[in-house]
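Here is a friendly walk through one protein chain and the two ligands that come with it. Have a look at the structure first, then read on.

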Amino acid sequence: MNELDEELQTQYNPQERIDAAVRELEPEFWRHKKLSDMSKEEWEALCDGCGKCCLNKLEIKGKIRFTNAYCRFLDCKSCLCKIYPHRFEVVSDCRDIDLAAIREQPRWLPKTCAYWLLDNGYDLPDWHPLVSRKASSVVKAGMSLVGRQLINETKVKDYEDYIVDWEDL
Ligand code: SF4
Ligand code: SF4
């Protein structure tokens, strides 16, 4: 584990985050509250931390194609952004996840993304940490980037060579 990894691990404990959300937020708030009515804390708790929105994408013939090339600032072991507080200043195309982003066409968020699911009338899946109450359930269900064949974007010459067709995108 390098210094940065250690810093990330100590600053952020995914299970503590879920425990706090379960303790402090209204049970199953996502079932009866619209995204637009959610508090900042509820909104933040919805992110399952899959990391898939940090993959580079191409728009081809009106459709978003994901690649397995990840943003250079993503820590692939934890799926955390290494520069989270400054991400928009450092990465010009890093996107805030707001309602406009969720509804943008063509869809660029993975179809497992909690925000996209709720906005499109679906419930959260069983493996979502707010449902399972376990931060590790995203990885166990194979829904995060952990364990996938990935490449750092700094090593990519042509993104078209790295297009992937994973079922959960
Ligand atoms: S795709 Fe959605 S759930 Fe996954 S990390 Fe991005 S915002 Fe969070
Ligand atoms: S800078 Fe943006 S795209 Fe890159 S890892 Fe951080 S959140 Fe993801």
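What follows goes from the overall build to the ligands and then to a few backbone details.

This is a predicted model, so local features need pLDDT of at least 70 and side-chain atom pairs count only at pLDDT 80 or more, while totals for chains, interfaces and linings use all residues. Residues are numbered from 1 along each chain as its sequence is written, and chains are lettered from A and ligands numbered from 1 in the order in which they are written.

**The overall build**

The chain has eight helices and five strands; these are DSSP runs numbered from the N terminus, with helices (H or I) of at least four residues and strands (E) of at least two. Going along the sequence, the pattern reads α-α-α-β-β-β-β-α-α-α-α-α-β. The C-alpha trace spans about 45 × 40 × 30 Å along its principal axes. How does the radius of gyration sit with a compact globule? A compact globule of 169 residues would come out near 15 Å, and the chain has 16 Å, which agrees. That radius is taken over C-alpha atoms, and the globule rule is 2.2 Å times the number of residues to the power 0.38.

Of the 169 residues, 20% count as buried. Buried means 20 or more other C-beta atoms within 10 Å of a residue's own, exposed means 12 or fewer, and partly exposed is in between, with C-beta atoms placed from the backbone. Contacts are pairs whose C-beta atoms, placed the same way from the backbone, lie within 7 Å. Among contacts with a separation of 6 or more, 62% come from residues 24 or more positions apart.

**The core**

The largest nonpolar core has 23 residues, and Cys54, Tyr70 and Cys113 have the most contacts inside it. Helix H3 (40-46), S2 and H6 each give two or more residues to this core. A core here is a set of buried Ala, Val, Leu, Ile, Met, Phe, Trp, Tyr and Cys residues joined through C-beta atoms within 7 Å. Leaving aside neighbours within four places in sequence, cysteine 54 touches Tyr70, Cys71 and Leu74.

**The two ligands**

Ligand 1 has 13 residues around it, and Cys47, Asp48, Cys50, Cys53 and Cys113 come nearest. Around ligand 2 you'll find Cys54, Cys71, Phe73, Leu74, Cys81, Ile83, Arg87, Val91 and Cys94. A residue makes the list if its C-beta atom, placed from the backbone, lies within 6 Å. Here are the shells by class:

**Backbone details**

S1 and S2 run antiparallel, joined by five bridges; strands pair if DSSP finds at least two bridges between them. They form a hairpin with two residues between them, and isoleucine 60 has lysine 63 in S2 as its bridge partner. In the turn, lysine 61 has a positive phi of about 50°. Is lysine 61 buried or exposed? Lysine 61 counts as exposed because it has 6 C-beta neighbours inside 10 Å.

Cysteine 79 also isn't a glycine, and its phi is positive at about 60°. This cysteine 79 lies in the loop between strand S3 (74-75) and strand S4 (80-81), and it counts as buried because it has 20 C-beta neighbours inside 10 Å.

Finally, a cis peptide bond joins glutamine 105 and proline 106, with omega about -5°. Proline 106 sits in the loop between helix H5 (99-103) and helix H6 (114-119).

Key:
Contact = placed C-beta atoms within 7 Å.
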